[in-house]
Amino acid sequence: MSDIRSAPRRALITGGASGFGLAIAAALLRAGALVAIGDISAERLQDAARSFEGGELLAVELDVRSPASAAAAVAACEARFGGLDTLVNSAGVIAFNPLAQISEAEWDHVLDVDLKGTFLCSQAAAPLLCASGRGRIVNIGSDASKVGFPMLAHYCAAKFGVVGLTKVLAGELAPHQVTVNCVCPVGVSGTGMGQEVLDWKIGATGMQPQEILAATAADIPLQRNPTVEDIVNAVLFLISDGAAFLTGLALDVDGGMLSTIPVPGVEG
Ligand SMILES: NC(=O)c1ccc[n+]([C@@H]2O[C@H](COP(=O)([O-])OP(=O)(O)OC[C@H]3O[C@@H](n4cnc5c(N)ncnc54)[C@H](O)[C@@H]3O)[C@@H](O)[C@H]2O)c1
């Protein structure tokens, strides 16, 4: 990531107080970037800011569902950094329910945070990203951006939408040298949402956490579960100068899971 160090990036990470967002912020800071984390949780923001004491970290309260809040977060970045060239849309929520039991409020909440929030933050940041002449948007999608999972009608609809939005914005912003890509991870247990998913699976199956993790690893061609670092590496690559000619991608970070189907009874 030497290119990030030689030309420091000015980045806003939504959902940056936890999970992938926090790990991406830490990696960018280590690479010499100026980093803002935006999150709805004031408490997590404070904890995150404390853990980076001494680093160039700006912590801003942000509700990605609100255009005014998105605009204020971008303005805070402009005031502190003199501009913005990188936006990572990582804020997200999940909920599990069968079709018949998803209330309108639950549907709206998931769509508002996961899809509308990505739209609103991209819209707010776009003028500064374009002005930078080297803009980057990286959206965090999911394997649920590519495959339908039972109990996740709203989450899948939102995450498929994030891929669509990625491709549209890639085309619209390309003339301004802004690339727009999406990273689509399979389940990672070491984050807030990863733990939520694991807890749901424990409740739904009665299995022990280790049994569940072993079963999910066995379904992945590379035979292990992903780490937070696997996701961070993909995001950092898409932000790097080396990825300047890549746009509109929805990159699976899944150990090959969505690319190959095992033949029953045939190994290797
Ligand atoms: N962990 C996984 O298994 C997994 C897999 C695929 C995709 N994802 C996606 O990765 C992204 C990050 O999730 P994570 O696993 O790091 O979970 P996480 O819960 O650790 O982080 C999500 C963050 O988003 C914040 N947030 C929620 N609503 C918000 C709002 N309205 N405005 C601003 N911030 C808000 C939360 O406070 C939290 O800090 C999400 O978009 C999620 O859908 C996660």
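Helices here are DSSP runs of H or I with at least four residues, numbered from the N terminus.

The model is predicted: local features need pLDDT of at least 70, side-chain atom pairs count only at pLDDT 80 or more, and totals for chains, interfaces and linings use all residues. Residue numbers start from 1 along each chain as its sequence is written.

Helix 7 has 14 residues, and at 1.5 Å a residue these should span 20 Å, which agrees with end C-alpha atoms 20 Å apart. The expected span is 1.5 Å times one less than the number of residues.

Helix 7 (192-205) also takes part in the shell around the ligand, as do helix 2 (19-30) and helix 5 (104-132), each with at least two residues. The most comes from helix 7, with four residues. There are 31 residues around the ligand, and Gly-15, Ser-18, Gly-19, Gly-92 and Gly-192 come nearest. A residue is near a molecule if its C-beta atom, placed from the backbone, lies within 6 Å of it. By class, the shell holds 13 nonpolar, 14 polar and four charged residues. Ala, Val, Leu, Ile, Met, Phe, Trp, Tyr, Cys and Pro count as nonpolar, Asp, Glu, Lys and Arg as charged, and the others, Gly among them, as polar.

| Pair | Axes come within | Crossing angle |
|---|---|---|
| Helix 2 and helix 9 (residues 228-239) | 9 Å | roughly 55° |
| Helix 5 and helix 6 (residues 153-173) | 9 Å | roughly 15° |

Axes are lines fitted to C-alpha atoms over the stretch in contact, with angles from 0 to 180 degrees between N-to-C directions. Angles under 35 degrees count as roughly parallel, over 145 as roughly antiparallel, 65 to 115 as roughly perpendicular and the rest as oblique.

Helix 2 and helix 9 are therefore oblique to each other. Phe-20, Ala-23, Ile-24 and Ala-27 in helix 2 meet Val-228, Ile-231, Val-232, Val-235 and Leu-236 in helix 9 (C-beta atoms, placed from the backbone, within 7 Å). The residues of this contact are nine nonpolar, no polar and no charged.

Helix 5 and helix 6 are therefore roughly parallel to each other. Their contact comprises 14 nonpolar, four polar and three charged residues.

Terms used:
Contact = placed C-beta atoms within 7 Å.
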